[in-house]
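Work through the exercises below with the model open. Try each task before you read its solution.

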Amino acid sequence: LLTRASADGLADRFVPASGEAPVGVKDAALREFLAKGVGYYHDAMAAGDRKAVADMFTRGLLRVLVASREACWALDAVVAHTVVIMGAERFVGREHRYADYSVPEVLQMMGRASTAQGQAKCVLMCMANKRDFYKKFLYEPLPVESRLDAQLHDLMNAEVVAKTIENKQDAVDYLTWTFLYRRLAQNPNYYGLQGTSHQQLSDYLSELIESTLGDLSAAKCVTVDEEDVDVTPTNLGMIAAYYQISYLTVEMFALSLAPKTKLRGVLDIVSAADEFDALPIRHREGGVLARIASRLPVPLPKAGDGEEEEGRWASPRVRTHLLLQAHFSRLALPADLAADQAWVLGSVLPLLQAMVDVASSMGWLAPALAAMELSQMAVQAVWEGRDPLVRQVPHLAGEKRLQMCRQMGVETVFDVMDMEDDDRAKLLEGLAPAHVAEVAEYVNRYPNIEVAFNVDEDVEAGASVAVRLELDREWDEDEDEDVPGDVRAPFFPYSRAEGWWVVIAEPGTQTLLAVKRVAVGRHLATTLEFAAPETLGPAKLKMFLMCDAYLGCDQEFDVEFTVLPATEDDDEDDDEEL
C-alpha cells in the first residue's frame, strides 16, 4: 500500500490530519508504519503493541489496519467503514492443503464493517466457484450446533471425578440438560440420527455414553463395575481432571513412562502430549525450522517412518520439541514462532506436574525427578547439567560474564550471594544501574530454605511413618512484599507462583514412597506420611526438597529409622481359639 502510494506521488496519502506520533510502541518497524497512517495486527506481536495499534485505529489515527485471520476475534471492539477480506483460504499444515475460512470467521470479519450512519461496506475476495456458497450462508440465518459429542470424554471424566456422575443413568440424565440434547431434536441429520422419536434419542444417548465410558475405561481413567452400571474414577482420571488435561495425554504418560526414564525421555514424552496438536503449522516454514534444529543440542524425535524433511515439520511433537529446546538454549526466534513458543510454555508446566503425579502413583523416582527438573528448565530457560547455574541470573548469561564467573569460582546463585563487595562490583562492572538492580533483586529473591525434620526412631513393618518438617525461608524482615512473590524468570512469558515438592524415596530400588506439593512462605510446618518398609532392621531413605521454578536450590537428606516386627493382634488370636 505504501509503495503504491509513493509511486503515485502520494507518500502521505494515509497520514491522518492530526499527525499524532505513535506512543508506547516497542517495534521500530511498526512505529515507522504507524507514522505513515498504516498499522498491522497479528498474534505474534507484543501485547502492548497490539493494544496501541487497536487504540490508534479506534481513535482515527490510522487510516488502514492490516490484520491476520486469527486476529479477527481479538479485534471484536474495532470497527471500520470498509472491510476487505483478501482471500478466503488458509493453509492447513497437517493436511498439506488449503482450506476455506469457516463461515463464523467470515461473519466475524464482516461484522467489523460498521458505522453510525449505516454506510459500511465489506468486500469479500474469493474464488468464483465459492461466491454462491458464501452468499447463501451470509444472507441466511446460520444455525448454531453443538460439538459436545466430539469433546465429551474429558467432560465426562471430570464429572465422574466430581461424583456428579456415578452410573450410566446419571450420565444419560446429565446429557438431557445440555444444548446437544436440544439440537438433536431440531437437526437430527447433523448428528446422524434417522428420527426424533423418544426411543431414537434414547438409543443415541445410550450409545454415546457407552462409547465414551468405554474409551475412558480403556485409558484406565474410570472403572465400570462387573454389572456394567456403576462408574468410579481412577487415579489417572483424577490427575486428568485436576490438571484439566486430555485423558489421552494421561494415558500416554502412563504407557510411555518407565522406571528409568531420564530427562531426555521426559522431554520426548511431554512433547507428544495431545494438547500440542493445536500448534499452528505454517506453509514453507521447514527451512527456518531446519536451521534452528541444527543449533540444538538434542536430536529431534522422528514423526514417522520414511517421512520427508518437509513433512517432518508438520508434526506437532517435533515442533514442540524444537520450541522447548530453543527456549532452553535461549535462541532468538521469528515473531510467529516466538508466539508459538510462549503458548507451548504456558501449556507445558501443568503437563509436567501431571507427569510427576503419574510417575509417583507408579512409585517411580527417576521420571518424577526428571519431570521436576524439566519444569525448572522451562521457567528459567537453562539446560540442567549443561549450563552453569549462575546463568539463571539476569545479565550474567553472556560469555564474558560467565568466563569471569569461572575465573572467580562463582558457579551457583548462592556463590553470587556470598561474594565480597569488591569482587561483586568487578563482576557487574559495565552494567547499567537498572541492570545491577535486576541482578540484586533476582539474587535476593532466590529461595534459601532451611529444613528441619524428625521421624520416629522405631516403626513397625507396614505401619504409617510420619516425617514432620519445618521449612523456613531466609528473608529480610524489612521487606514488605509478599513472600515469596512471583518467580523471577526473565525468559518465561507469564507470571507464576513458586512451588515445591517434598519426596521420600528408597534409594536402593529407586522407589518413590511419598510425594507432597507445598507452597513455602516465610515458614511452613507440614507432615509427610508413608508406609514403612517390610524389611526389618535399619532403614535409610532419601528425602528430596525440589523447587518447580529455580535450578540449584534443591536439597537432599537422609531419613533413618529402625523397622521392627509388626505386633500381632491379641483379639485375632482369641477369635481363632474360639
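Two strands count as paired if DSSP finds at least two bridges between them. The model used here is predicted.

**Exercise 1. Strand partners**

Task: Which residue in β11 is the bridge partner of N454?

Solution: 
- Start with the strands. β11 covers residues 464–473, and six bridges join β9 to this strand.
- Apply the cut-off. Pairing needs at least two bridges, and six are found here.
- Read the direction. β9 and β11 run antiparallel.
- Now find the residue. N454 has R468 as its bridge partner in β11.

**Exercise 2. The sheet**

Task: Find the order of the strands in the open sheet of three strands. Which are the edge strands?

Solution: 
- The order is β9-β11-β14, and the pairing is antiparallel.
- β9 and β14 (523–531) are the edge strands, as each pairs on one side only.
- From one strand to the next, the twist averages 25°.

**Exercise 3. Two aromatic pairs**

Task: Classify the aromatic pair of F328 and W383, then that of F453 and F557.

Solution: 
- A pair of rings is described by the distance of the centres and the angle of the planes.
- The whole structure holds 14 aromatic pairs. In one of them, F328 and W383 lie 5.1 Å apart, centre to centre, with 75° between the planes.
- Planes over 60 degrees apart count as edge-to-face. The pair of F328 and W383 is therefore edge-to-face.
- F328 is in helix α15 (residues 316–328), and W383 is in the loop between α17 (365–380) and α18 (399–408). They are 55 residues apart, so the pair links distant parts of the chain.
- Both F328 and W383 are buried.
- Next, F453 and F557. Their centres are 5.8 Å apart and their planes form an angle of 65°, which is edge-to-face again.
- F453 sits in strand β9 (residues 449–454) and F557 in strand β16 (residues 555–564). This pair also links distant parts of the chain, 104 residues apart.

**Exercise 4. Buried or partly exposed?**

Task: Is F453 buried or partly exposed? Is F557 buried or exposed?

Solution: 
- Buried means under 20% relative accessible area, and exposed means over 50%.
- F453 counts as partly exposed because its relative accessibility is 26%.
- F557 has 18%, so F557 counts as buried.

Terms used. Residues are numbered from 1 along each chain as its sequence is written. This is a predicted model: local features need pLDDT of at least 70, side-chain atom pairs count only at pLDDT 80 or more; totals for chains, interfaces and linings use all residues. Side-chain values use heavy atoms; hydrogens and water are left out. Rings of Phe, Tyr and Trp (its six-membered ring) pair if their centres lie within 6.5 Å; planes under 30 degrees apart count as stacked, over 60 as edge-to-face and the rest as tilted. Helices (H or I, at least four residues) and strands (E, at least two) are DSSP runs, numbered from the N terminus. Buried means under 20% relative accessible area, exposed over 50%, partly exposed in between (1.4 Å probe, protein chains only). Axes are lines fitted to C-alpha atoms, for helices over the stretch in contact, and angles run from 0 to 180 degrees between N-to-C directions.
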